[in-house]
Amino acid sequence: MKPFIYISLLILSSNPTEAQNSIIVSGKAIFEHKCQRCHGSDGTKGLFGAKNLQISRLENTELISIISKGKKGMPRWDKKLSSTEIESVTAYIKSLRK
Ligand code: HEC
């Protein structure tokens with residue numbers, strides 16, 4: 001099943017916490033493939049000056065904007081990820097915060 005269909009089904013499911021957890025699980029898979037090489041599995045690696053995602057306090061709209069459009073050494077992802085995938089990876093990186 002394509003990830004976005006899977007996510008949509010879960011968003012529609014009756015249990016919101018379960019849906020949220022599943023979004024984070026999808027976001028983790030995206031993070032491991034696309035983001036981990038610079039940010040590290042726990043968000044602290046900092047390759048090429050990548051920001052430490054554990055201490056980042058940006059809000060959703062700013063996170064989505066930076067992930068979509070990029071910023072300095074941070075590549076843009078709006079051509080490579082769907083908006084649902086960007087939302088999932090945003091939920092996942094927020095779950096790395098301490
Ligand atoms: C080629 C290395 C690289 C990759 C791959 C990468 N990033 Fe980044 N990221 C950076 C750099 C460098 C910055 C710092 C940009 C700056 O100077 O503000 C950054 C900053 C960020 C920020 C802003 C954090 C803050 O508090 O300012 C977020 C959020 C982020 N990255 C998320 C992601 C996500 C999600 C992915 C995968 C889809 C990803 N990054 C992939 C290098 C990378």
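**The ligand and its surroundings**

Ser56 has a polar side-chain atom 2.7 Å from an oxygen atom of the ligand. This is a predicted model, in which local features need pLDDT of at least 70, side-chain atom pairs count only at pLDDT 80 or more, and totals for chains, interfaces and linings use all residues. Residues are numbered from 1 along each chain as its sequence is written, and side-chain values use heavy atoms, with hydrogens and water left out.

Two further pairs involve the ligand. A nitrogen atom of the ligand has a polar side-chain atom of His39 at 2.7 Å. In Lys51, a side-chain N or O atom lies 3.1 Å from an oxygen atom of the ligand. Helix H3 (36–39), helix H4 (60–69) and helix H5 (83–95) are the elements that give two or more residues to the shell around the ligand; helices here are DSSP runs (H or I, at least four residues), numbered from the N terminus.

The shell can also be described by residue. Of the 23 residues around the ligand, those that come nearest are Cys35, Cys38, His39, Ser56 and Met74. A residue is near a molecule if one of its heavy atoms lies within 4 Å of it.

Now the backbone. Most residues other than glycine have a negative phi. Phe48, which is not glycine, has a positive phi near 60°. Phe48 lies in the loop between H3 and H4, and at 66% relative accessibility it counts as exposed (over 50% relative accessible area, with a 1.4 Å probe and protein chains only). Lys72 also has a positive phi, of about 45°. Lys72 is in the loop between H4 and H5 and is exposed, with a relative accessible area of 85%.

Terms used. A polar contact is a pair of N or O atoms within 3.5 Å; within protein, one must be able to donate a hydrogen and the other to accept it, and residues adjacent in sequence count only if both atoms are side-chain atoms. Buried means under 20% relative accessible area, exposed over 50%, partly exposed in between (1.4 Å probe, protein chains only).
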